[in-house]
Amino acid sequence: MSEKLLKSKEFCEIVGISYRTFKRWVAEGRIHVVRTPSGRIRIPYSEVERILGGKTGAGEVRAVIYARVSSSDQRSDLERQIQHLTQYCSAKGYRIIDILSDVASGLKTDRRGLLKLFNYVVNRKVDVVVVTYKDRLTRFGFEYLEHFFRQFGARIEVVFGEEPKDAYQELVEDLIEIVTSFAGKLYGMRSHRKKKLVEGFKKLLEEVEKSE
């Protein structure tokens with residue numbers, strides 16, 4: 001069977017580098033690439049394993065994959081997260097013991113997949129938790145989770161760097177949820193002042209978006 005060939009974008013996402021860095025590495029000969037008959041660049045999957053370190057020699061590493069989206073219409077993104085993380089774990093030589101996912105806001109603390117992940121951690125059944133971006137685990141307080149997991153011998157690996165630009169809408173929804181909760185506690189959930197504050201905040205966000 002011929003080796004799987006990756007597109008440049010796929011390779012960059014799995015390895016966790018920018019396209020600019022990828023082009024520089026190709027120019028410096030640090031990455032072996034092949035060209036299709038049409039001249040397009042493709043990267044053998046073995047290059048991913050080589051750059052990420054291949055199989056680890058310090059014993060088996062037990063990994064749990066965690067993926068999250070905020071709404072059901074983002075199912076395709078959820079599947080992409082799982083695919084990228086599965087490939088990443090395979091390249092690193094990790095043994096995947098479970099793949100957990102949630103369709104919920106990053107502000108919610110009672111997510112089913114997240115709670116199951118906590119059980120793995122406190123029972124010392126996992127060595128590494130793998131996510132695409134920090135906010136997939138939690139919108140706020142990521143450093144607290146890192147510290148908590150370390151107490152049970154688990155670490156968090158964030159595969160990619162900065163969040164993609166299309167994550168903006170999810171952030172906006174989370175901010176609105178925070179302001180709504182705050183205004184409800186301040187004025188009462190059904191009060192006119194609460195509704196006025198939330199509507200004013202929404203208009204402010206719309207103005208900010210239009211000005212960009």
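Is Arg124 buried, partly exposed or exposed, and what is its relative accessible area? In this predicted model, Arg124 is partly exposed, with a relative accessible area of 48%, where buried means under 20% relative accessible area, exposed means over 50% and partly exposed lies in between (1.4 Å probe, protein chains only). Arg124 is placed in the loop between helix H5 (112-122) and strand E6, and its phi is positive, at about 55°, although the residue is not a glycine. Helices (H or I, at least four residues) and strands (E, at least two) are DSSP runs, numbered from the N terminus.

Because the model is predicted, local features need pLDDT of at least 70 and side-chain atom pairs count only at pLDDT 80 or more, whereas totals for chains, interfaces and linings use all residues. Residues are numbered from 1 along each chain as its sequence is written, and side-chain values use heavy atoms, with hydrogens and water left out.

The secondary structure of the protein chain comes to eight helices and seven strands, and buried residues make up 40% of its 212 residues. With contact taken as heavy atoms within 4.5 Å, 69% of the contacts between residues at least 6 apart in sequence join residues at least 24 apart.

The largest nonpolar core has 26 residues, and those with the most contacts inside it are Phe11, Ile17, Phe22, Val48, Tyr94 and Val130. A nonpolar core is here a set of buried Ala, Val, Leu, Ile, Met, Phe, Trp, Tyr and Cys residues joined through side-chain atoms within 4.5 Å. Two or more residues of this core come from each of helix H1 (8-15), helix H2 (19-27), helix H3 (45-52), strand E4 (62-69), helix H4 (75-92) and strand E6 (128-131). At least three core residues are drawn from each of domain 1 (5-53) and domain 2 (62-158), the bounds of which come from an automatic or database domain assignment. Leaving aside neighbours within four places in sequence, Val48 is in contact with Leu6, Phe11, Ile14, Val15 and Ala91. A second, separate core of 16 residues includes Tyr66, Leu114, Leu137 and Ala154.

For helix H4, the 18 residues should span 26 Å at 1.5 Å a residue, and the end C-alpha atoms are 26 Å apart, which agrees; the expected span is 1.5 Å times one less than the number of residues. The buried residues of H4 are Leu78, Gln81, His84, Leu85, Gln87, Tyr88, Cys89, Ala91 and Lys92. Among the elements that cover them are H1, H3, E4, strand E5 (95-103), E6 and strand E7 (155-158). Just after H4, Gly93 takes a positive phi of about 85°.

In strand E6, both faces are covered, with Val128 and Val130 buried on one side and Val129 and Val131 buried on the other. E6 runs parallel to E4, to which three bridges join it, and Ile65 stands opposite Val130 in E6. E6 also pairs with E7 in the parallel sense over four bridges, with Val129 opposite Ile156 in E7; strands pair if DSSP finds at least two bridges between them. Within E4, the position of Val69 is buried, with a relative accessible area of 1%. Apart from neighbours within four places in sequence, Val69 is in contact with Gln74, Asp77, Leu78, Gln81, Asp102, Val103, Ala104 and Arg136. The C-alpha atoms of Val69 and Gly106, which are 37 residues apart along the chain, are separated by 8.3 Å.

A search of the whole structure finds seven aromatic pairs. Rings of Phe, Tyr and Trp (its six-membered ring) pair if their centres lie within 6.5 Å, and planes under 30 degrees apart count as stacked, over 60 as edge-to-face and the rest as tilted. Phe11 and Phe22 form a tilted pair, 5.7 Å centre to centre with 55° between the planes. Since Phe11 lies in helix H1 and Phe22 in helix H2, this pair ties together parts that are 11 residues apart in sequence. Phe11 is buried, with a relative accessible area of 0%, and Phe22 counts as buried at 1% relative accessibility. The rings of Phe118 and Phe149 have their centres 6.1 Å apart and their planes at 80°, so the pair is edge-to-face. Phe118 lies in helix H5 and Phe149 in helix H6 (residues 142-150), so parts that are 31 residues apart in sequence are tied together. Phe149 is buried, with a relative accessible area of 0%, and ring pairs link Phe118, Phe148, Phe149 and Phe152 into a cluster.
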